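Dear colleague,

Please find below the structure that I am handing over to you.

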Amino acid sequence: GWGVSRDYAKAVNLYHKACDGGNAHGCNNLGVMYKNGEGVGRDADKAAGFFRKACNGGNQAACKQLQ
């Protein structure tokens, strides 16, 4: 959202692509989007799944979300 308007739906789409491509940071960010209901409906189970995938990929922020 720096210099452009925020587009949560587009962000979710791009984070999905990144996560599907094995990017742990993208999986973590997607988990945050589901946790907060930004661009998608709030879904704690989906958020946890993306955090778990990110954690398994080495993203420590995601591991902390699972605690």
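Predicted model: local features only at pLDDT ≥ 70, side-chain atom pairs only at ≥ 80, totals over all residues.

Residues are numbered from 1 along each chain as its sequence is written, and side-chain values use heavy atoms, with hydrogens and water left out.

Two disulfides are found, a disulfide being a pair of cysteine sulfur atoms within 2.5 Å. One joins C19 to C27, with an S to S distance of 2.0 Å; the torsion about the S-S bond is about 95°, so this disulfide is right-handed. C19 is buried at 1% relative accessibility (buried means under 20% relative accessible area, exposed over 50%, partly exposed in between, with a 1.4 Å probe and protein chains only). The other joins C55 to C63, also with S to S 2.0 Å. C55 is partly exposed at 21%, whereas C63 is buried at 15%.

The structure holds one aromatic pair (ring centres of Phe, Tyr or the six-membered ring of Trp within 6.5 Å; planes under 30 degrees apart are stacked, over 60 edge-to-face, the rest tilted). Y34 and F50 form this stacked pair, 5.6 Å centre to centre with 20° between the planes. Both Y34 and F50 are buried.

Finally, N28 is buried at 8% relative accessibility and lies in helix α2, residues 24–36 (helices are DSSP runs of H or I, at least four residues, numbered from the N terminus).

With kind regards

Definitions and conventions. Helix = DSSP H or I, 4+ residues; strand = E, 2+ residues; numbered from the N terminus.
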